[in-house]
Amino acid sequence: MIKRTGRKSVIIGLLSFVVPITLNTIVAAILKHNVKLDPQLQKSIYFIAAFLALNSFHVVVCLLDDLNLLNSELGRLATSSSLVSGTLSSCWAIVTFTVVQGSVGKPDTVIWMFLSLGCLVMLIVYILRPVMLTMVRHTTEGKPVKEGDILVIFMMVLGCLFISELIGYHMIIGPMVLGMATPDGPPLGSELVNKLDSYISCILLPSYFTSAGHNVNILSVHSQSVVIIEFMTFCNFLGKLSAILLPSLYCKMPPLDAISLGLIMSAQGITDVLILQQALGLKLIDQESFTIMSISLVLMTGIITPLVKFLYKPSRRYISHKRRTIQHAHPETELRMLAGVYSQYQTPSIINLLELSNPTAKNPICFYVVHLLELIGRSAPLLITHRADRKSSVQMQSSERIINAFRLYEQSNEGAVVVNLFTAVSPYVTMHDEICGLALEKRVSLVIVPFHKQWSSNAEMEELPTPIRSVNQQILRNAPCSVGILVDRGTLTGTSSMSSKSLYSIGMIFVEGPDDREALAFVMRMGEHPNIRITVTRLVNSNKKKEGSVNQELDERIVNDFRIAQIGKKHHVYKEEFVCDSVETVGVIRSMENCYDLILVGRRHDNNSPFFMGLTEWNEFPELGFMGDMLSSSDSGCQVSVLVMQQQTFSKAKETQNGSCKYLNEDSCVVVDIPLKFTRVCPES
């Protein structure tokens, strides 16, 4: 993992260790020679200075997890930087404790301790790790690891613990190295988390903190020692903050983000308590210093956590000032789309929807696919780019079928479609950051995510993990482009390509507003496909006269564009239905339920509109809007797939008083990411 760390992370991680420990040593030397200190404090002041400067990868990752920032831009940088500084801190602590312990015995004790530690590491890397990899290979895909294998790993932990104590190190050293050598993710890493997480979090950790707290004696603290150690703590904090802040600002990071990164990297936790307790046992520090440093540690982390939560808002970076919509994309340029896939069973419906989007050599599509997996059995999130010339790792075999399906489709549509494949491993609570961040970076016009419930071809419903619904809601709230939620009831699922179907029927219900305009713009693109029949049904209020608002003018303009585009196309139909209340609206929608293979609707509509009056009380899935919910709810007789569209949302400051957004800067079309051999498909500017 250190090899994959970027230059910026390495520099920040290196400086966050070197600068504080150097500054603390200088401050300690000045205090020792100019201030009359307590004899015990004077003896241990250099060790105190060094222990204050240490970092921990584990502590930073846990803090980021608590703040739901693990896979944010700041979280990734903090994780990579803390990996560097944490490695240096661990090496320093091991060397220091080895030298101190070895100096008590014979002269060659230090050498033997280092050699023994090296042998232990080699035993773990070259014997125990291959055994665990063999367990992974022999585990059937989708099945848990055998209980016998788990028992063997527990025996490995106890053996490494015993050897660590035997060669003179802290008992945690062996199991810690074994943990780093354990294959992460499913099946082994996730199974170990399931077996041990509750026991460790609820029993072992509280027990350890209780025993560590017995060494805290507030009555032994003197005011002079408090002032000296707190002054050194403050100098350490300033040194670490400066060491992180300056290179971050030099790399053009926003000031608030740089401060937040400095605060996160300054946090301390259980790893620091372990080091302090070991130092206390070796008499490198006394009980008074241990007490003051432990209390400072708790207070510092308690202040840092709410400060970071207040300063850093990851959703702020998703605010786009450019149009990223289907409606405003140039019709003869590359269209960028992104799809999130939670399960391999959603692959056929996404591929068929891509085919419906009518990719051609004249209007190519650059399609990004992200396989979303829950982070379990490893510390840090992953975003993996799958390239055709690279073989997937053992841990990513769950994405293999998805990759092969999209690669096959790309090959069969060479020159019209370019597919870029990713696997994102992250916690459900921040999974939307993977989609939104990639959508912003790649400047896509439409994000497509599957609904959290799916139906098979025989109409049996299967519900995906509950947090997926929350992921979809967060994507709708934060996406820097338009979003479509695909409710697949089996009409889009199939092993054969959609192009093999004689005529695919698509219906669209148009009422009003930007979401309906976005849905109609997508339908117009689909209508260019030779095997598609389009029917657009517009609901018109029979009791209301036209007011000529900006929204209505935009509605009329895009409807007229569709009516002009359908001239000469006998399979395309436009019709208007006059309704006056929600009862008639429901009647029109129910009459269309099973007349098409796919229905497109807009998500957001006016709550006070007579078309939807009273429907809010019966909304089962608010993320689908009124019409999407009506077509997808459990009591609906609809057997066709539904695509619910939401146009890109701008901040309120950029909206006009009548609710329409200003046309900002550029359209959402750019011609990039097409390989050189495909450049012929893009029109010349």
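Which residue with a positive phi follows α13? Helix α13 is followed by Asn 358, whose phi is positive, near 65 degrees. The legends below come from a predicted model, and this residue returns in one of them.

**Figure 1. Overview of the chain in the predicted model.** The chain holds 20 helices and 13 strands. Of its 685 residues, 52% are buried. Among contacts between residues at least 6 apart in sequence, 81% join residues at least 24 apart.

**Figure 2. The open sheet of eleven strands.** Read across the sheet, the strands follow the order β3-β4-β2-β1-β5-β8-β13-β12-β9-β10-β11, and their pairing is mixed. The edges are formed by β3 (382-386) and β11 (573-579), each of which pairs on one side only. From one strand to the next, the twist averages 20 degrees. Helix α15 (residues 431-442) packs on this sheet, where it touches β1 (335-341), β2 (365-374), β3, β4 (417-426) and β5 (446-450). The direction of α15 makes about 160 degrees with that of β2.

**Figure 3. Pairing of strands β8 and β13.** Strands of a sheet pair through backbone hydrogen bonds, either parallel or antiparallel. Here, β8 (residues 482-487) and β13 (residues 641-646) are paired in the antiparallel sense, over five bridges.

**Figure 4. Strand β9 and its partner β10.** Strand β9 (residues 504-510) has seven of its seven residues buried, so it is largely enclosed by the rest of the structure. Both of its faces are covered. Tyr 504, Ile 506, Met 508 and Phe 510 are buried on one side, while Ser 505, Gly 507 and Ile 509 are buried on the other. Strands β9 and β10 (residues 532-541) run parallel and are joined by seven bridges. Within this pairing, Met 508 has Val 536 of β10 as its bridge partner.

**Figure 5. Helices α13 and α14 packed together.** Helix α13 (residues 347-356) packs with helix α14 (residues 400-412) at an angle of about 20 degrees, and their axes are 10 Å apart. The two helices are therefore roughly parallel to each other, and their crossing is right-handed. On the α13 side, the contact is made by Thr 347, Ile 350, Ile 351, Leu 354 and Glu 355. On the α14 side, Ile 402, Ala 405, Phe 406 and Tyr 409 take part.

**Figure 6. The surroundings of helix α13 and Asn 358.** Nine of the ten residues of α13 are buried, so the helix is largely enclosed by the rest of the structure. Those buried residues are Thr 347, Ser 349, Ile 350, Ile 351, Asn 352, Leu 353, Leu 354, Glu 355 and Leu 356. Asn 358 is found in the loop between α13 and β2. Although it is not a glycine, Asn 358 has a positive phi of about 65 degrees. With a relative accessible area of 8%, Asn 358 is buried.

**Figure 7. Helices α3 and α4 and the loop between them.** The axes of α3 (residues 57-66) and α4 come within 8 Å and cross at roughly 165 degrees. That angle makes α3 roughly antiparallel to α4. The crossing of the two helices is right-handed. At their contact, Phe 57, Val 60, Val 61 and Leu 64 of α3 meet Gly 75, Ala 78, Thr 79, Ser 82, Leu 83 and Gly 86 of α4. Asn 68 lies in the loop between these helices. Asn 68 is not a glycine, yet its phi is positive, at about 60 degrees. Its relative accessible area of 34% makes Asn 68 partly exposed.

**Figure 8. The buried face of helix α7.** In α7 (residues 173-181), Ile 173, Gly 174, Val 177, Leu 178 and Ala 181 are buried. Seen down the axis of α7, these buried residues fall within an arc of 135 degrees, so they line one face of the helix. They pack against three helices: α4 (73-102), α5 (109-137) and α6 (147-166).

Note on methods: Residues numbered from 1 in each chain as written. Predicted model: local features only at pLDDT ≥ 70, side-chain atom pairs only at ≥ 80, totals over all residues. Heavy atoms only, no water. Pairing = 2+ DSSP bridges. Helix = DSSP H or I, 4+ residues; strand = E, 2+ residues; numbered from the N terminus. Axes fitted to C-alpha atoms, helices over the stretch in contact; angles between N-to-C directions. Contact = heavy atoms within 4.5 Å. Buried < 20%, exposed > 50% of the residue type's maximum accessible area, 1.4 Å probe, protein only. Arc of directions from axis to C-beta. Parallel < 35°, antiparallel > 145°, perpendicular 65-115°, else oblique. Left-handed = near helix turned anticlockwise from the far one by under 90°.
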